[in-house]
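Subject: Structure handover, salt bridges

Hello,

Please find the structure below. My notes on its charged side-chain pairs follow.

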Amino acid sequence: MTKAAPSCTYRVQLNAGFTFADLAGIAGYLAELGVSHAYLSPSLQAAAGSSHGYDVIDPQRLNAELGGVEGFAELSHRLRALGLGLVLDIVPNHMALDGRDNRWWWDVLANGPSSPFARYFDIDWDSPERKLTGIVLVPVLGDHYGRVLEAGDIRLAREGGAFVVRYFDHVLPVSPRSIDRLLEAAAARLDGGRAGEAAADLAALGVEFGDLPHALIVDPDLAAERQRQSRLLSRRLHLLAASDPEVDAALDAEVEALSGDVDRLDELLQRQNYRLAFWRTASEELDYRRFFNIESLVGLRVEDEPVFRDTHRLIAALVEGGLVTGLRVDHIDGLRDPLGYAQRLADDTGGLWVVVEKILAADESLPEAWPVAGTSGYDFLNRVNELLVAEDNLGALTDAYHAFVGHPVDYPEVVRSSKLQIMRDELAAEV
């Protein structure tokens, strides 16, 4: 595969309807066009059914819906045989919050600040409200929390030795430490003979769950112990329920009873590492960085070495293996340290050809210190667009606009006031 800088790229949007194999099938056509590189949309594992790939849920896997590892390798080999390179679009700024499919985020919701991935995401764990310290806002409710709770739309469910909260299509983990009272109540449903012994076992498990280290304890050893003990206790609970139908029935009965009791369910929810909230609260109360104002995309702290390594390990391997010969970096303006990121990426890929999505203002230039080949071309497209606009008609168009709004307007002032409005309203939480 060519390692030369691209002379002409052909951008391909991949999804379940057009996969690695489909692209391999038209590679000969691209070569005949004179294209030097196929430029792929993001190809790491995205949310199920994603039409674009920018909602990555696992940066350590190639997207199974596109053909996975085997499909990507076959595509790369086909391109190489035709003398074509492969430019891959990557997304270092954010990941998608897609239930349990994003295992890092799922672990954060289950274990809070003590999760090994708690510092991977750009979350403000230190809320000025004491009761919200160590809590992540989850703004997914269709109405205010109390109304949704009263309506019975939030339910508890059991999955073997673990529990989850369900709200229509949304599923969230229940903190292991918070199920102690539930197990105690389920044990009270059992009495006499063998059931009495099972009740004692169930109650003892409840005590052990309740004794797990608190999620606010971030000492690495204690956090690791919490994780290990949680897995062991969940396994023991699963085995106990699987081996004793009465225990199984008592647990299910208690889950149903708790789901129907607003006060008890609220008490359980208040002990989670997240706070369910009306979706409209996000613009002012959200405590994690988003991609623009999209709550389902959470910012990554890629400026931290461990996060960079875990999110770029596969990318580096693809480059080292010669399967990828160029990179396009999505939304580099969203990163805390764009220069540091670009330098680290250059070091990690041996100085590979890289372009970045950097939206330049009319009077702005790409920083010369960035070790990249350039931008992905918005500034060029602006110039091309200007060639296609009849400047002679600007006066008539401006007059029509002033007549429509009822008064003359100064365009730079419109830009400024619009930016302030977005900061004040849509991005109030980020500010």
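How many salt bridges does the count come to? The model is a predicted one, and the count in it is 29 salt bridges.

Arginine 61 and aspartate 58 form a salt bridge through their side chains, with an N to O distance of 2.9 Å. Aspartate 58 is buried at a relative accessible area of 9%, because the cut-off for buried is under 20%. Arginine 61 has 40% relative accessibility and counts as partly exposed.

Arginine 313 and aspartate 310 also meet in a salt bridge, at 2.9 Å from N to O. Both sit in helix 11 (residues 305-320); they are three residues apart, so about one helical turn separates them. Aspartate 310 counts as buried, at 15% relative accessibility, whereas arginine 313 is partly exposed, with a relative accessible area of 47%.

Glutamate 159 and arginine 100 are joined by a salt bridge of 3.0 Å, N to O. This pair links distant parts of the chain, its two residues being 59 residues apart. Glutamate 159 belongs to strand 8 (residues 154-159), while arginine 100 lies in the loop between strand 6 (94-96) and helix 3 (103-111). Glutamate 159 is partly exposed, with a relative accessible area of 32%. Arginine 100 counts as partly exposed too, at 38% relative accessibility.

Which residues are linked in a network of salt bridges? The network consists of Arg11, Asp89, Arg328, Asp330 and Glu357.

Regards

Definitions and conventions:
Residues numbered from 1 in each chain as written. Predicted model: local features only at pLDDT ≥ 70, side-chain atom pairs only at ≥ 80, totals over all residues. Heavy atoms only, no water. Salt bridge = Lys/Arg side-chain N within 4 Å of Asp/Glu carboxyl O. Buried < 20%, exposed > 50% of the residue type's maximum accessible area, 1.4 Å probe, protein only. Helix = DSSP H or I, 4+ residues; strand = E, 2+ residues; numbered from the N terminus.
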